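Here's a quick walk through one model, from the overall numbers down to a few residues worth a click. Keep the viewer open as you read.

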Amino acid sequence: MTREGQDQFFESWEDDRFCEDQGIYRLAMDLTPGLLKGDVLDFGCGSRVYYDTSAVQNWTGVDLSPRLLETLKFLSSGMPSGEIKTLQASCLDVDLPDESFDTICSIFLLHHLVRTTRRQSSQRIERQLSEAYKMLKPGECLVVFGSWPHVFLHLYNLSFPILYPIVQKARGTELPYFFSVRTLAKIAARTGFGRRHVLAVPLYETGKYPVGGFVVAGGVQPLIHKYGVYVFVK
């Protein structure tokens, strides 16, 4: 995303529109105790940490937006016990030591890393997962949350090569692209991850979105997406 487009996009980003009591965030709290542990790196952390951090010692969050980092808030009842650091940078351009983290997470980030075509988008996500692989200690895991596309998102993905340049030129921002679970698993395998665990979560509830505040009714969600939770083990 261009700097101008990034500023414009995050200027209208309001995390409180997410509705903190939504099922996906309760699920994140229920799934992650003990899974996210030790020294944790959060790619694309935004301003809200929706997972359990009671077993986290030192926590590092990376995000493009200084505005979101300035309003960082942990929603878990158990805060990290050690140092909390933030780094304002692209998740594809982070200079941190290899094998320095016990857990790395990427919560609803990967679909924002894409560019122009499916091939370019795949390459950028592979680069992101490769960086995560290098920074993880052996035997530890990368935890990914994302959207598992259904009918409408599949149709949207088909139109992506046409829509992307139009929106990028008109607004200076990048559209997301939503890869299937099979494709993400293949990308993870190419970057070196061994075991790959995938959980499909059909939480079809009414949801608000952080940009624009528009609402998507729960009855429509089965045509759009369900949630995917991925655990990739180094």
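Accessible areas here come from the Shrake-Rupley method with a 1.4 Å probe, and for residues only the protein chains shown count as cover. On that basis the protein chain has an accessible surface of about 11,100 Å², with 55% of it belonging to carbon and sulfur atoms.

Some ground rules: this is a predicted model, where local features need pLDDT of at least 70, side-chain atom pairs count only at pLDDT 80 or more, and totals for chains, interfaces and linings use all residues. Residues are numbered from 1 along each chain as its sequence is written, and side-chain values use heavy atoms, with hydrogens and water left out.

The protein chain has 6 helices and 11 strands; these are DSSP runs numbered from the N terminus, helices being H or I with at least four residues and strands E with at least two. Buried residues make up 50% of the 234 in the protein chain, where buried means under 20% relative accessible area, exposed over 50%, and partly exposed in between (1.4 Å probe, protein chains only). As for contacts (heavy atoms within 4.5 Å), take those between residues at least 6 apart in sequence: 73% of them join residues at least 24 apart.

Now to the loop between strand 6 (101–107) and helix 4 (118–135), which holds H111. Is H111 buried or exposed? It counts as buried, because its relative accessibility is 13%. Leaving aside neighbours within four places in sequence, H111 touches L175, P176, Y177 and F178. The H111 side chain also makes a polar contact with the side chain of H112 at 3.3 Å. For that term, read a pair of N or O atoms within 3.5 Å; within protein, one must be able to donate a hydrogen and the other to accept it, and residues adjacent in sequence count only if both atoms are side-chain atoms.

T116 is found in that loop between strand 6 and helix 4 too, while E99 sits in the loop between strand 5 (84–88) and strand 6. Both deserve a look at the backbone, because most residues other than glycine have a negative phi.

| Residue | Phi | Relative accessible area |
|---|---|---|
| E99 | near 50 degrees | 43%, partly exposed |
| T116 | about 55 degrees | 33%, partly exposed |

Finally, L223 lies in the loop between strand 10 (215–216) and strand 11 (225–233). L223 is partly exposed, at 39% relative accessible area.
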